[in-house]
Structures are given as C-alpha cells and as structure tokens.
Amino acid sequence: MSSYERLFDIPIGPQHPALKEPVLLNLKVDGEHVVEVAVDISYNHRGMEKAAEYRTYVQNLYLIERVCGICNIAHTLSFSTALEGLHGKPAPERARVLRVIAEELERIQSHLLWLGVAAHDIGFDTLFMYVWLDREISLDLMEEFAGNRITSSYISIGGVKRDMTPEIADKMRKGMDKLEGRMAYYRRAISEERTVLKRTQGVGLLSASDVVSLSAVGPLARASGVDVDVRADDPYAAHELVPMKVVTSGGCDTFSRIMVRIDEVVESIDAIRFCLDHLPSGPILQRLPRRVPAGDFLSRVEAPRGELAHFVRSDGSDKPYRYKIKTPTFSNIPSLVKMLKSSGRYVVNIADVPVILASIDPCFSCTARLERIR
Amino acid sequence: MGLRDWALRKSPWILHFNTGSCNGCDIELVATLTPRYDIERFGMYMRGSPRHADILLVTGPVTRQVKDRVVRIYNQMPAPKSVVAIGSCCMSGGVFSNCGKGPCYNVYAGLDQLIPVHAYIPGCPPKPEAIIDGVAKLLEGRKAKEVTTDAARTK
C-alpha cells in the first residue's frame, strides 16, 4: 500500500463517462488504491412492483417485459411460468421448445453486448465495434423470429405468440453457423491479445468460497468454478429435453468471465440447433382464464446474468396481490463490493474500477427495488 | 451561415444520459455508434461530459431520484443546446404513466415537465434508424431556424 495517510473520496456517477446507467460508486482511495466502496443503486427505481398491482395479468405482461430491455424474454418467461404454475397448466410442448430458442437467442445477444461493452471499458474500441457488428446477426434473427429487435413481447401467458416457419429456421441455421465461426475467432483472438490479457488477468478476483458465501449467481459464479445454473439445476421450459453443459472456469478473474461468456454463447448456439432439429408439432398457445387461482408461486429462470426469480401472490382476482422480482445483478452487488476493495496483496487501482464493474455484467434497471429518501 | 452554426450543424457532439431506462433504448442508442448504423458519418460524436456536449439524448422515464441530476446536467451544457427525448417513457412516461391515479409514485410522466425538449423519438424502443432520423430532423430544424434568423438579420 502507498504511504498516503489521507483517504480521498471519489464519487463515480450517477453520470460518468465510464457508466452506462445511473449508479453511484463512492470510492475511498488511498493513493491509487481503492480501500472502501459504497454502492447506491437506487437511481433507476421506478416502482415496478407497485405498478404491477394496479394492472391485470394481461397488462402486466407488457410491464414486466420493461423491467429490463436486455433480458426481457427471461422476465416474461419467468412471469408466464409463474402464472401457468398457479393455473396448473404448463404451456404446450412446442411452445416450450420455442421459448428455449427465444431465450438462448437473447443470451447470445446479451453476452455479445457485454463482450463489446467490456472491450470498450478496457479501452479496446476495435473489438467493441467488431462484436457489435456480429451482434446484429442475432438481432436480425430475433426480429425475424420474434417480431422486434429488443422488446418483442414474444412470450405470452400460456405459450408464445409466433410460430417458427421452415424459412426462419433455415435463416437461423445459417446465422448460427456464421456466429459460431465468429465466436471461435474471438476466443482465439482474445486469448492471444496482450491488451485484453493485461487489463483483465488477475483483475477483480473472487474466490469460489466468496461466491458461495456472498451468493453470487450466473457467469460470475461459474467463472470462479461454481457450477450454478438454473437450466441444469431446476429445468424450466424445455430445458430438461435440451442437452447442455454448464460452462465453468477456475480463473476467478475478469478474463475467465470473458471466456465463460464466450463459451456460453457457443453452448447457446448448439442448444438452438438442437431445438430447431427437434421441434415438436402441436399448438403454440393455450388459452388460460383471466382470473388466476389464489396461491403463491416462485419461478426461477436463468437470465443471461444469472438466476432470476419472480414471486407472485394471487388472491383469485385478475390482478396480482403482490409481485416481487429478484434480479441477478442484485445478488451480485455484494460480490462487486468485495472485488472493488483492496485487501492484503490484492490491490484495486482506480483504473480497474470500470473493468471490475463491467465484469459482473451489471443491469441496474432490473435491480433498484428501494430508494433512500433524503 | 457563420462558422459557429456550421460547426454546430456538421459536427454536433452528443451526450447520453439514462434517467432510469430499462436499457432497451440505451442499447439501441449504442447500436447507432456501431458499424452498421455509424452516426459518426454525420459528424456526431459521443462525449462523456455535459460541458462538451451540444445535444443531450435522454432515455427512460425520469425518476425522482435522478430528477435533480438531469436538470443539473442540462444547466451545465453550453448554449446553444438541444434536448432529445428517446422512447415512449421519456416522452410521456410510457408504461409508467398510469398506475391507478396518475403516473407511478417515483416517475415523472415526461421529460418536458422538467427541461425544454426539442425533439421526441417515439418507440419502445425506437430502432436505430429512428434515432438517427430524429437527430437528423433536429439538425434540419436548427438549419431552418438559422435561415429565418439570417433573413431577419439581413432586413
């Protein structure tokens, strides 16, 4: 540690060139080293859960979709799974396989988005531009398949809204081939690129025991060698039919998080191919009554950022009595605080803060559940 | 057309501020920077500081927590400045504009209640083409205004 005796406060946010979303990181620094950090995530609080209580379930589908623009399919999937659970009528099998396709397509675009943003944060804008150009392949497929690039309202209560046609399946197979080639290229290029290695190896260390004690989820946990994945642990939609491998890495640093996400994109590509080849026939939507039977239901979905839980309590009317959302970024905030603090031989420089923040793939729009009133 | 007006129209520097958006509009806005859409061909350049920016692009419903910040950022920008509201939430509150009575308890229904807005881009989220079109129309509007002031000046 340096010989400075005074600690300085450096606030990062809510508007800062290194941030994409309003969040406040209050750093206490000793020279170049961060020793203490306080995170304020309340800038995005919109009162989503309260708003859900004022609307019917059908209207809520469109509200819940707008919890997060990047992982909106994971949110609507979780919402409809909860309602189908309360009704006791799971969606038709074809709809469940189509849901897996939509979900994995979203995971591809989200991980590519993250890879670009992470490259931007380490100052490697060339990679950012390359990755986002390839991300357009997945967005074009999403537009063709689900109806819109980002918020597509694809998943409906009781099934899905659009069917897969042979033409779209052909286009999707071609797109997947192209993406697979690009991912192999990125995997090779990134593991040899000195700029990336210098900025990410050994940065943002989080041990496997910390992952367990701080209950981190998603790629952050898997990059520390902990194989938690809701798709494998508690299959939903059609994941019990789709073979998948839980990607883990033992590196515990930002570099292994990059590698885990790249490998997950490859896994998602394989899952989409399997679903296209084994698409069962049958209806894609079943009609469910507008009033939902009284009861509680908790549904879990593996969003691109980790485990996403939706809880709904119904009193038998057509509006939820209580709606609760727990998002993966919220679970990862304690790990973020741990990674940002220097302790012993592990030092965090101010320049590494954006990289470490990006390494958890933050999505603060999902996360803000309460706000402090001053 | 003076040098200043020419620079403002041909090379507007933009600042992006997220006031509580769901990230849908933000990722479409970032997509406009990337090779397929590439707004740098219009001379637009994303800046990190409000003091360098000519155009403020705002996404998302304005939450109470972020209200003071967006007003402060607007005041920090040098004149002449323009504000663009991107997406339904920023224009009118969108899905958050109706929760029983009025908008959600933590959301302002529309950015124009707080600061003047010069262009609105509807959509949830608007496509990158729509964002480019909106900003290009804003610059066209600037040109029209400048033509009228030039005409008034020559009289």
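User: Is strand β7 (residues 306-314) of chain A largely enclosed by the rest of the structure or left open, and how many of its nine residues are buried?

Analyst: A residue is called buried if 20 or more other C-beta atoms lie within 10 Å of its own, exposed if 12 or fewer, and partly exposed in between, with C-beta atoms placed from the backbone. Seven of the nine residues of β7(A) are buried, so this strand is largely enclosed by the rest of the structure. This is a predicted model, in which local features need pLDDT of at least 70 and side-chain atom pairs count only at pLDDT 80 or more, while totals for chains, interfaces and linings use all residues. Residues are numbered from 1 along each chain as its sequence is written, and chains are lettered from A and ligands numbered from 1 in the order in which they are written.

User: Which strands make up the open sheet that holds β7(A), and in what order?

Analyst: Strands of a sheet pair through backbone hydrogen bonds, either parallel or antiparallel. Here strands (E, at least two residues) and helices (H or I, at least four) are DSSP runs numbered from the N terminus, and two strands pair if DSSP finds at least two bridges between them. The open sheet has three strands in the order β6-β7-β8 of chain A, with antiparallel pairing. Its edge strands are β6 and β8 of chain A, each of which pairs on one side only. Neighbouring strands of this sheet are turned by 15 degrees against each other on average, direction ignored.

User: How should I read the overall dimensions of chain A, and how does its radius of gyration compare with the globule rule?

Analyst: The radius of gyration is taken over C-alpha atoms, and the globule rule is 2.2 Å times the number of residues to the power 0.38. Chain A, whose secondary structure comes to 14 helices and eight strands, has a radius of gyration of 21 Å, close to the 21 Å that the rule gives for 374 residues, so chain A is as compact as a globular protein of that length. Its C-alpha trace spans about 70 × 50 × 35 Å along the principal axes, and buried residues make up 52% of the 374 residues.

User: Where does S335(A) lie, and which residues does it contact beyond its neighbours in sequence?

Analyst: Two residues are in contact if their C-beta atoms, placed from the backbone, lie within 7 Å. S335(A) lies in helix α12 (residues 328-340) of chain A, and S335(A) is buried, with 23 other C-beta atoms within 10 Å. Leaving aside neighbours within four places in sequence, the contacts of S335(A) include L206(A), D210(A) and I360(A). S335(A) and S213(A) are 122 residues apart in sequence, yet 9.4 Å apart in space, C-alpha to C-alpha.

User: How many residues of chain B are in contact with chain A, and which element gives the largest share?

Analyst: In this interface, 32 residues of chain B are in contact with 33 residues of chain A. On the chain B side, the elements that give two or more residues are β1 (13-18), α2 (24-31) and α3 (64-76) of chain B, and the largest share, five residues, comes from α2(B).

Key:
Axes are lines fitted to C-alpha atoms, for helices over the stretch in contact, and angles run from 0 to 180 degrees between N-to-C directions.
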